[in-house]
Amino acid sequence: MLQIQDPEITQLSHTAHGSGLQGYAQQGHDNQNIIVLNYIDQHPVFDLPFRSYFLLAVVSSLFALGIWAAYFNGYFTFSGNGISPLTWHIHEMIFGFGATVAVGFILTAAQTWTGQPSIKGLPVLGFIVLWLLIRVELFINLPSTIIMAIVLQSFWWLGSIIVFTRLVLKSSNRRNYLFIPLLSVLMLLNIALLLLDFNGYYELARHIARTCVLMFCLLMGILGGRVIPFFTVSGAKLEPITVPSWLTPLLTITSISGVLVFFSSAFIDLPFSPAALMITAGLLHLIRQCYWRSFATKNIALLWSLHLAYFSLGLGLILLGMSYLTNQTIEYLNIAITFADALHLITIAAMGLMIFAMMSRVSLGHTGRALTPSKLVSWIFFLIIFSALTRAILPSLVQQPLVSWNVSAIAWLIAGALFLKVYLPILTTKKIVKSFRH
């Protein structure tokens, strides 16, 4: 039978058929997007910031310290068009490592402090991508990449501060409002450090970097003063710890004053140095620790490490202050500890040890695991302590400081690798939910 084809009907039929195929293709594409989004939202590593931030921070410290060791041994050369090698090293250890862990902890703890859900899933992934871009741009170290890194670093800080501010304001959690200005000041110092060095103000950039360390001392004093006694009581099964009501406010005021005086000394010709304030703050830290029953924690690695880190904070501040009083050196038993060496005692023994100790505990507690770490964790702590002592004290005992720098770097690198070995499986798997059968 002869069939007559109508061209218009044929065209309409083909168009409809094509539209149907496109519709199915679009639907399939949308389904794939949904699957990817669900995977990101449900993957354990994106469940609260602490998981990814802790892992990235440790990896970053290993990379940064490895590159720095290669540089001072003559096996690596930085681009001379961006920031100076010293500022890159300082920035990546203080902010790429220290600030990343601190922000990850605070954004995670804020959920407990406020009762409000913190970020997870895609927002965490967004912060990770931003953080990785900053690391890459800084390492390339060209004028264009440094400018981009400064912009991205500003966005990372602002985003983190906005998230935290929303949580504490929504819950009227006034006790933790103080972290908003603390994080904001760290952000401003971070950006100032990069901008000053990029524009050739190297000495002023170093002064800002040292101010950043003192700001971290203030942050550690506040956080440590809260969590270490609490962890000690619960972990060592002790009676509640109390300290004199005047001690903590006095310590906070002294610490803030010390930071302000030190920061101002680069711009104002002050009739006094911050030495007395540093020494006083260090002594007050040690006096407060006397009430914490530190010796009761000697057999509990997750506790003695925190107590030793806090002791290093007090001792480091005292040595830092004393370095002003004897023409930048402390002569005792033929050992001369300079300002820079005392600063490294703080950055490694106080900051480094406290960060690794906190990460080791938080990674277990927030993933539903018992607070009984692997035996390797104690070795992590011993290696960080060894790294601190070799960097802070050994330079004054040997003719070639390069030896102490290398030994210190190797100890840190081994400690970081051990942390990843122990905690990578923990931080990338689901939280253990305990079920109770009746």
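**Close-up views of pockets, cavities and salt bridges**

**View 1. The second largest pocket has a volume of about 450 Å³.** Its lining is made up of 15 residues, and those closest to the pocket centre are T112, W113, V227, F230 and F231. The structure is a predicted model, in which local features need pLDDT of at least 70 and side-chain atom pairs pLDDT 80 or more, while totals for chains, interfaces and linings use all residues. Residues are numbered from 1 along each chain as its sequence is written, and side-chain values use heavy atoms, without hydrogens and water. A pocket is an open set of points on a 1 Å grid over the protein atoms alone, with protein on both sides within 12 Å along at least five of seven lines; a cavity is a set where a 1.4 Å probe fits but cannot get out; lining residues have an atom within 4 Å of a point. Points are joined across faces, edges and corners, and probe spheres set on them fill the volume. Helices α3, α7 and α11 each contribute at least two residues to the lining of the second largest pocket. Within this lining, α7 gives the most, with 5 residues. Helices are DSSP runs (H or I, at least four residues), numbered from the N terminus. By class, 9 residues of this lining are nonpolar, 3 are polar and 3 are charged. Ala, Val, Leu, Ile, Met, Phe, Trp, Tyr, Cys and Pro count as nonpolar, Asp, Glu, Lys and Arg as charged, and the others, Gly among them, as polar.

View 2. Six helices each supply at least two residues of the lining: α2 (49–72), α3 (85–114), α7 (202–236), α11 (339–365), α12 (376–392) and α13 (401–427). Helix α11 makes the greatest contribution to the lining of the largest pocket, namely 9 residues. The residues around the largest pocket comprise 18 nonpolar, 6 polar and 4 charged.

**View 3. The largest cavity has a volume of about 230 Å³.** The structure contains 2 cavities of 30 Å³ or more. In the largest of them, 16 residues form the lining, and M220, L223, M354, I355 and M358 lie nearest the centre. Helices α3, α7 and α11 are each represented in the lining of the largest cavity by at least two residues. The largest share, 7 residues, is provided by α7. The lining of the largest cavity holds 14 nonpolar residues and 2 polar residues, with no charged residue.

**View 4. The second largest cavity contains about 100 Å³ of space.** Its lining consists of L214, C217, L218, T254, S255, G258, V259, L277, M278, A281, H285 and L317. Helices α7, α8 (247–264) and α9 (275–290) each provide at least two residues of this lining. The lining of the second largest cavity is made of 8 nonpolar and 4 polar residues, and no charged residue takes part. Helix α8 also carries T252. T252 is partly exposed, because its relative accessibility is 26%. The C-alpha atom of T252 is 9.9 Å from that of L219, although 33 residues separate the two along the chain. Buried means under 20% relative accessible area, exposed over 50%, partly exposed in between (1.4 Å probe, protein chains only).

**View 5. A salt bridge joins D341 and R391.** The closest N and O atoms of D341 and R391 are 3.0 Å apart. D341 belongs to helix α11 and R391 to helix α12, so this pair ties together parts that are 50 residues apart in sequence. D341 counts as buried because its relative accessibility is 8%. R391 is likewise buried, with a relative accessible area of 13%. A salt bridge is a side-chain nitrogen of Lys or Arg within 4 Å of a carboxyl oxygen of Asp or Glu.

**View 6. R135 and E92 form a salt bridge.** The structure holds 3 salt bridges. In the pair of R135 and E92, a distance of 2.6 Å separates the closest N and O atoms. R135 is part of helix α4 (residues 122–140) and E92 of helix α3, so the contact ties together parts that are 43 residues apart in sequence. Both R135 and E92 are buried.

View 7. E203 is exposed, at 59% relative accessibility, whereas R206 is partly exposed, with a relative accessible area of 32%.
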